[in-house]
Amino acid sequence: MHPQGRYRTPLLLVLTLLLVFTVLSLSLKRSPALRKVQGLVVAMTAPGLEGLSYVGRSAKQLWLGYFYLVGVRRQNAELQRQLEEYKQRGVHFEEAEQALTRLEGLLDLKRQVALPVIGARVIAYDPTLWSSSAIINQGKAQGVKEGLPVLAPQGIVGRIVEVYPEYSKVMLIVDRKSSADAMVQRTRVRGMLKGKGGNRGSLEFVPKSADVQVGDLVLASGLVGLYPKGLVFGKVTAANKKNPGVFQEIEVTPSVDLSALEEVLVVKVATLTLSEP
Amino acid sequence: MIAPLIAFSLVGLLIFYVQTLVLFPYVHLRLLALLLFYVGLRPSLSLTLALGLVLGCLQDSYATTPQGLHWGASLVLVAMARFSRRRLLLQQLGFQALASLVALAWQEVYLQLVTFMLGYQPLFSHDLTRVHGMEILGTAALGPLMHLLVQGVDDALRRLGWRPRSEPMPYQPFGE
């Protein structure tokens, strides 16, 4: 073998390993260059996701609004043309009504939050199990900044962790790196809500003497100022005092279905807090 | 190397779109890792490394984990694919699927160790390991399909006139 060829494979491997560990360490230091690379990748790939998502929605609407009705007409010959038109309209109205309900919810939330907000559409999720994040279609150009809270009508979704020119990355409250100051609505007991992956979190550092029961609502305390005070994180679904140690094990399930988000609100001022409801 | 890199990167991007838009959140599979493993069984190491970087970068960009985590995981897969290719002389689909299962298991060990060291999660927690185990088994079961896909991309590239540098030119009779 040619001497150059003999060293080619180990050299390639060593160089790649060096590159990976350099990037990993730069990433831990939050290097701006790496953020730019990430932003570039998202900017190049997210429009495809957005487009395909739009095509999927349109195809679904077309199926529900047309093909399905054609099938019904064939099976039910006695139905009149007028009835089909009404059905088609009905489907469109239903779709519009659902959108209206969602948007009304967002509007209510906007009024409730009483802070400047930006509406955004969720266009992608991280499909791996190693983190829980989503990409929204609003970025630096629309005034989104890092650290801003993201809300849905049912409660808190997460916060912005990366901002790209036209898109942003949201760390969901169930992400393992997510933590926020929270309190139990009924007893005002405070704790730290940490993400556990999947669709659950845990309320930590709550002493065993504190009164926490299954079904209790967990709200943002507003003390650290990240999430507006009084907004809902989720519900207590398990509370265990029999574990060793001084703190309880409390499982919290988010009130928002974080895997099926469509429209969300980004609160533009992170430091202000809500008046308590 | 450029043509197959672009082709396999596009296939990877398509798989990523399908995972995000169709499979998420109901089905969790490591299809990009499987793609990389099967591309790693082909002759070109530089293509596999480059593809590993592209796919790792794509996954890192959509996750909240630090940039480089999935790159490293890709390297583990590339190493396992090269090892399987050289030592085990894989010819049958069943053995390839088995080798991909072992490679995915090593990748899981790497990811668990790194995320543990970075403070993302406890090491080999029971519930997480069970879910990931199912994900790995399901992914490895799709090995033969991925083999067909990689083969299909390869064939398509050849039809378009691309030929690996290591492969001799087809025989042409003297004087034609």
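Leaving aside its neighbours within four places in sequence, which residues is Phe233(A) in contact with? In this predicted model, the contacts of Phe233(A) beyond those neighbours are Gly155(A), Ile156(A), Ile173(A), Ala182(A), Leu193(A), Val218(A), Leu219(A), Ala220(A), Val252(A) and Pro254(A).

Phe233(A) also belongs to the largest nonpolar core, a set of 99 residues. Together with Val157(A), Val264(A), Val266(A), Leu35(B) and Leu36(B), Phe233(A) touches the most other members of that core. Helix H2 of chain B, residues 31-40, gives the most to this core, contributing 9 residues. In soluble globular proteins, nonpolar side chains tend to be buried together.

The next level is chain A as a whole. Chain A has 277 residues, of which 35% are buried, and its secondary structure consists of 3 helices and 12 strands. When contacts in chain A between residues at least 6 apart in sequence are considered, 59% of them join residues at least 24 apart.

The last topic is the interface between the chains. Here 36 residues of chain A are in contact with 35 residues of chain B. On the side of chain A that touches chain B, at least two residues come from each of helix H1 (3-28), helix H2 (32-75), strand S1 (117-125) and strand S2 (133-136) of chain A. H2(A) gives the most to this side, with 10 residues. By residue class, the side of chain A that touches chain B comprises 19 nonpolar, 13 polar and 4 charged residues.

Key. Residues are numbered from 1 along each chain as its sequence is written. Chains are lettered from A and ligands numbered from 1 in the order in which they are written. This is a predicted model: local features need pLDDT of at least 70, side-chain atom pairs count only at pLDDT 80 or more; totals for chains, interfaces and linings use all residues. Two residues are in contact if their C-beta atoms, placed from the backbone, lie within 7 Å. Helices (H or I, at least four residues) and strands (E, at least two) are DSSP runs, numbered from the N terminus. Ala, Val, Leu, Ile, Met, Phe, Trp, Tyr, Cys and Pro count as nonpolar, Asp, Glu, Lys and Arg as charged, and the others, Gly among them, as polar. A residue is buried if 20 or more other C-beta atoms lie within 10 Å of its own, exposed if 12 or fewer, and partly exposed in between; C-beta atoms are placed from the backbone. A nonpolar core is a set of buried Ala, Val, Leu, Ile, Met, Phe, Trp, Tyr and Cys residues joined through C-beta atoms within 7 Å.
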